[in-house]
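This is a tour to follow with the viewer open. Select each item as it comes up and compare it with the text.

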Amino acid sequence: MRKILIQLDTDAQPSVFDRVVAVDAGVDELFSYGNVAAETVEPLVHGAMFTRGGEGLKNTAVFIGGSVVADGEALLEKVNRTFFGPVRVSVMMDSNGSNTTAAAAVTLAARHLKLSGTEALIFGGTGPVGQRAAQMLAAQGARVRIGSRSLERARQTCESIASSDDDAQLAPFETSTQAGLSAAGEGVSLLIAAGAAGVEFLSQQQRNTISTLKVAIDLNAVPPAGLGGTYVTDKAVNRDGVICYGAIGVGGTKMKVHKAAIKALFEANDRLLDTDAIYQIAERIASSS
Amino acid sequence: MRKILIQLDTDAQPSVFDRVVAVDAGVDELFSYGNVAAETVEPLVHGAMFTRGGEGLKNTAVFIGGSVVADGEALLEKVNRTFFGPVRVSVMMDSNGSNTTAAAAVTLAARHLKLSGTEALIFGGTGPVGQRAAQMLAAQGARVRIGSRSLERARQTCESIASSDDDAQLAPFETSTQAGLSAAGEGVSLLIAAGAAGVEFLSQQQRNTISTLKVAIDLNAVPPAGLGGTYVTDKAVNRDGVICYGAIGVGGTKMKVHKAAIKALFEANDRLLDTDAIYQIAERIASSS
Amino acid sequence: MRKILIQLDTDAQPSVFDRVVAVDAGVDELFSYGNVAAETVEPLVHGAMFTRGGEGLKNTAVFIGGSVVADGEALLEKVNRTFFGPVRVSVMMDSNGSNTTAAAAVTLAARHLKLSGTEALIFGGTGPVGQRAAQMLAAQGARVRIGSRSLERARQTCESIASSDDDAQLAPFETSTQAGLSAAGEGVSLLIAAGAAGVEFLSQQQRNTISTLKVAIDLNAVPPAGLGGTYVTDKAVNRDGVICYGAIGVGGTKMKVHKAAIKALFEANDRLLDTDAIYQIAERIASSS
C-alpha cells in the first residue's frame with residue numbers, strides 16, 4: 001500500500017519547500033491542498049479516515065503547514081476533533097517550519113550545553129518559533145527567559161507554556177530598551193534569536209558584555225543578523241569564545257528533523273507530531289549521530 | 001506509458017476520498033482539479049485528447065466527482081461533447097459516490113432476492129443515489145416504487161428513468177404521510193433508503209407491518225437511521241426475518257466497485273462509466289466472489 | 001533523488017497538456033500550480049532553491065506555462081531575478097506552447113530550405129508564436145518579414161528582436177490590405193501563419209500568385225485555415241509544387257521538442273530554456289533523425 005501524505009496548507013499555494021521534503025522523505029503520493037481552513041477541512045479528513053481501514057490507516061497521514069502558524073494551530077485542533085476513536089491517521093504540524101526549526105536549534109544548543117539548569121534567553125520569544133524553542137528548553141530543565149518588546153506579551157507566553165508544563169521555569173523580559181536588555185542578558189549562557197526578519201536584537205558589542213555566554217543561535221536568515229557578530233552560515237563557529245550558529249548553519253539539522261518526522265508519521269496511525277514529539281525526534285537524531 | 005487519471009471535481013477542493021481510491025486502484029499519476037465547471041473544462045479535456053495518440057489514449061482517463069451530483073452530470077455532458085470521433089478518453093462519473101453506492105446496494109440486494117419481478121420501494125428515490133438505484137433495479141426487471149415527499153417529483157423521476165428505458169416498471173409514491181407510507185410499502189420485499197441524512201423514513205414499528213419485506217438497505221451513515229431497526233454496520237444481519245444492511249455494511253462492496261471501475265477505465269479509450277456500466281461492473285464482482 | 005518539475009501556470013487550472021507531456025518525458029514528481037503570478041511566485045521559487053543543495057539542485061526544475069504568453073514572460077523574468085549566484089534551478093518557458101511550436105515549425109522549414117538567405121514572411125508575426133519563429137529564423141540568417149494588420153506593431157516587433165540580435169535581417173509589413181499583402185509576399189520562399197484562430201491571411205488563389213513559394217506552414221488548428229490551400233493534417237504534402245504543413249502535421253515534431261526540453265532541464269541546475277535554447281534542442285533532434 002502506497003504511503004500517502006495529505007498536505008493541508010493554510011496559504012493559497014501549498015509550500016514547495018514542504019513538498020520537496022516530503023518527496024525526499026520517501027512519501028509515495030502527495031496530495032497538496034492550498035487555502036485550507038478549519039471551517040472546510042472536515043471532508044478532507046474524512047477522506048483520509050474512511051478509505052483505508054485497520055492496518056491500512058497508517059499508510060495515510062496529514063501534514064499541516066503554511067506561513068501563518070496560528071492558522072495551522074487552528075487547523076490542527078479541528079483535524080484532531082474530526083477523528084474519533086481508532087479511526088484516525090497520524091498528523092504533523094510544522095507551519096512556517098516552526099517546530100522543526102525550534103527543535104533543531106535546541107538540540108544544537110544541547111551539543112555544547114547541559115540544558116538542565118542552563119540560563120537561556122530567547123529573543124522573539126513570543127513568536128511561533130521562539131515559543132516552541134522555549135517550551136522545548138523548559139521541558140529539558142532549562143531556566144528560560146522569554147524576551148519581547150512587550151513585557152505583557154512575554155508574560156502571556158510564559159503562562160501559556162506553564163499551563164501545559166507545571167515544572168517549566170520561565171521568566172518574562174522586556175528586551176527593547178538598554179536597561180531591559182542588560183537585565184535579560186545577565187548571567188545567561190544561551191541566546192536564541194527567533195524574531196522577525198530585519199531586527200537586530202543586540203549588537204556585537206552588547207553581546208560581548210555577557211561574560212557568561214557560551215552559545216548564540218541566530219535563526220534569522222535575512223540581513224541584518226538578529227544577533228550582532230553571528231553569521232548566517234555559522235555552524236558551531238567559535239567567535240571570541242562563543243559557539244555561534246546562523247540560520248543556514250541550523251538548516252541542515254532542521255532538514256534532517258523534518259524528514260525523520262515525515263517518516264515517523266507512517267509508523268502508526270495515531271502519531272501526533274507537534275512540539276514535544278518533534279523535539280524527541282530531533283533528540284533521537286542528535287544522539288545517534 | 002504511465003496511467004494518468006484526471007480528477008475533475010466540482011467542489012473547491014478535490015475529494016481526498018476519490019484520490020485515495022484512485023491510488024489504491026493502481027493509477028500511476030493523478031491530476032486533481034477543484035472548482036471544475038462545464039464552462040471551463042474544455043482545455044483540460046483537450047489536454048487529455050491531444051497528448052497521447054492512438055493506442056496511447058487508453059492510458060489517460062477522466063474521473064468526474066464532487067458533492068453536487070447535478071454539477072457532475074453537467075460536467076459529464078460537456079466532457080462527452082468535447083470529444084470527437086475516436087479522439088477521446090474513458091470517463092467515469094461518480095459524484096458523491098452516487099453510482100458506486102447505488103450499484104453496491106442493488107447487487108447486495110440481488111444476493112438475497114431475484115430482482116426480476118421484485119417489488120422495491122426506494123425512499124429518497126428522487127435524489128441522486130435513489131434515482132440511480134431505481135434505474136439499476138428497473139433494468140433488472142424489478143418493479144420500482146419511487147418514494148418522495150412530493151408525488152410530483154416522484155412522477156418526474158419515473159418519467160426521467162422511463163425516457164431511457166422503455167421496459168422500466170416504475171410507480172411514484174408520496175411517502176411522508178402515514179397513508180402514503182402504508183400504500184407505498186404494501187407488498188414490497190425490498191426497501192432502500194437513499195435520502196438525505198437526518199431523516200427517518202419509517203420507524204421500526206412501521207417497518208414491521210410490511211409482512212412481505214425480505215431485505216432492508218439503509219444508505220444513511222449519520223444517525224438517526226433512515227430505516228428504523230437497521231444499524232450502520234449491519235451487513236446481511238437478519239433482524240426479525242429481514243436481511244439488513246447499513247451504510248458501513250455496504251461500504252466494502254462500494255469500495256470494490258469503485259476500484260474495479262477505475263481499473264476498467266484503462267482497458268480502452270472509449271469507456272463511459274456512468275450508471276449502467278458501473279452496475280455491470282458491480283454485478284461482475286458479485287458473481288465472481 | 002527523484003526528479004521534481006514545478007509547473008507554474010498563469011491560468012487558473014494548470015494545463016493538462018503540459019502535465020501529460022511532463023509525465024511522458026520522465027519527470028518523477030510534478031508539482032502543479034495554477035493562478036501563479038510574478039507577485040506571488042517568490043516563496044515557490046525559494047522552496048526549489050533551499051531544499052536540495054549542491055549537486056541535488058539539478059533534480060528540481062521549473063516549467064512556466066499558461067495561455068497568456070506575456071504573463072509567462074513576466075513570470076520568467078521574476079523567477080530569474082529570485083535566484084542568486086549558483087543557488088538556482090533550471091527553467092523552461094513555454095506558455096501556450098509558443099517556443100516549442102515555433103521551434104518545430106522552423107526546423108521543419110529547414111528540412112526543405114537552406115534558412116540562411118531565405119526570404120520568409122510570417123503572418124501574425126507580432127504574436128507570441130510568430131515573434132519567436134521570426135527570432136529563430138533571423139538567428140539562422142533568414143531575411144524575415146514580420147506581417148501584421150498594423151505596420152506600427154510589426155515595426156515594434158522588428159525592433160524588439162533586433163535589440164537582442166544585431167545581425168537580424170527584419171522588415172515590417174502590413175498584410176491586411178490587398179496591396180500590403182502583395183508587397184509582403186513578393187519573392188518569399190517560406191510562409192508561416194502564426195496568427196489567431198479564425199483568420200485566413202491569404203486565399204489559395206492569392207498564394208498561387210507567389211511563384212517563388214516553396215514551403216507553407218499553417219499553425220492554425222481551427223478552421224478556416226490561416227493559409228488557403230493547406231490542411232491541418234498536412235505534413236510535407238506537396239500541393240501545386242509547395243510543401244505544405246498544417247498544425248497537426250507540425251504537432252508530432254513539437255511534442256518531441258517539448259519532451260526533449262523537459263529532459264534537458266535535469267542535466268544541470270542552470271539551464272534557461274527560452275526561445276534560443278529550445279530552438280537548439282529542436283535542431284539537435286532534427287539532425288539526429
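Where is the place of Lys58(C) in chain C? Select Lys58(C): its place is the loop between helix H2 (42-49) and strand S3 (60-65) of chain C, where helices (H or I, at least four residues) and strands (E, at least two) are DSSP runs numbered from the N terminus. This is a predicted model, in which local features need pLDDT of at least 70, side-chain atom pairs count only at pLDDT 80 or more, and totals for chains, interfaces and linings use all residues. Residues are numbered from 1 along each chain as its sequence is written, chains are lettered from A and ligands numbered from 1 in the order in which they are written, and side-chain values use heavy atoms, with hydrogens and water left out.

**Around Lys58(C)**

With neighbours within four places in sequence left aside, Lys58(C) is in contact (heavy atoms within 4.5 Å) with Leu265(C), Phe266(C), Glu267(C), Ala268(C) and Asn269(C). Lys58(C) has a relative accessible area of 28% and is therefore partly exposed; the classes are buried under 20%, exposed over 50% and partly exposed in between (1.4 Å probe, protein chains only).

Now select Lys58(A) in chain A. The side chain of Lys58(A) meets that of Glu55(A) in a salt bridge (4.0 Å, N to O); the term stands for a side-chain nitrogen of Lys or Arg within 4 Å of a carboxyl oxygen of Asp or Glu. Lys58(A) is partly exposed at 29% relative accessibility, and Glu55(A) is exposed at 65%.

**Other salt bridges**

Over all chains, the structure holds 35 salt bridges. Side chains of opposite charge can pair when their charged atoms come close.

Select Arg2(A) and Glu29(A), whose side chains form a salt bridge at 2.9 Å, N to O. This pair links distant parts of the chain, 27 residues apart: Arg2(A) is in the segment before strand S1 (4-9) of chain A, and Glu29(A) is in strand S2 (residues 29-33) of chain A. Is Glu29(A) buried or exposed? Glu29(A) counts as buried because its relative accessibility is 12%, whereas Arg2(A), at 36%, counts as partly exposed.

Go to chain C and select Arg155(C) with Glu152(C). Their side chains meet in a salt bridge at 3.5 Å, N to O. Both residues are in helix H6 (residues 151-162) of chain C, three residues apart, so about one helical turn separates them. Arg155(C) is partly exposed at 38%, and Glu152(C) is partly exposed at 42%. Next, select Glu119(A), Arg143(A) and Arg145(A), which are joined into one network by salt bridges that share partners.

**Chain C against chain A**

Show chains C and A together. The contact takes 18 residues of chain C and 12 residues of chain A. About 1,200 Å² is buried between the two chains, with 63% of it on carbon and sulfur atoms; buried area is the accessible area (1.4 Å probe) that two parts lose on being put together, summed over both. Select Phe31(C), Tyr33(C) and Thr51(C): they supply 45% of the area that chain C buries against chain A, more than any other three residues.

How many salt bridges are counted between chain C and chain A? There is one, and selecting Arg52(C) and Asp24(A) shows a salt bridge between their side chains (2.6 Å, N to O). On the side of chain C that touches chain A, S2(C) gives the most, with five residues.

**Chain B against chain A**

The area buried is about 1,200 Å², and carbon and sulfur atoms give 64% of it.

**The arrangement of the chains**

Finally, display every chain. Chain B superposes on chain A (RMSD 0.1 Å) by a rotation of 120 degrees with 0.0 Å of shift along its axis, by least squares on the C-alpha atoms of residues with pLDDT of at least 70 in both. That is the relation of a three-fold axis. For chain C on chain A, a turn of 120 degrees and a shift of 0.0 Å along the axis give an RMSD of 0.1 Å.
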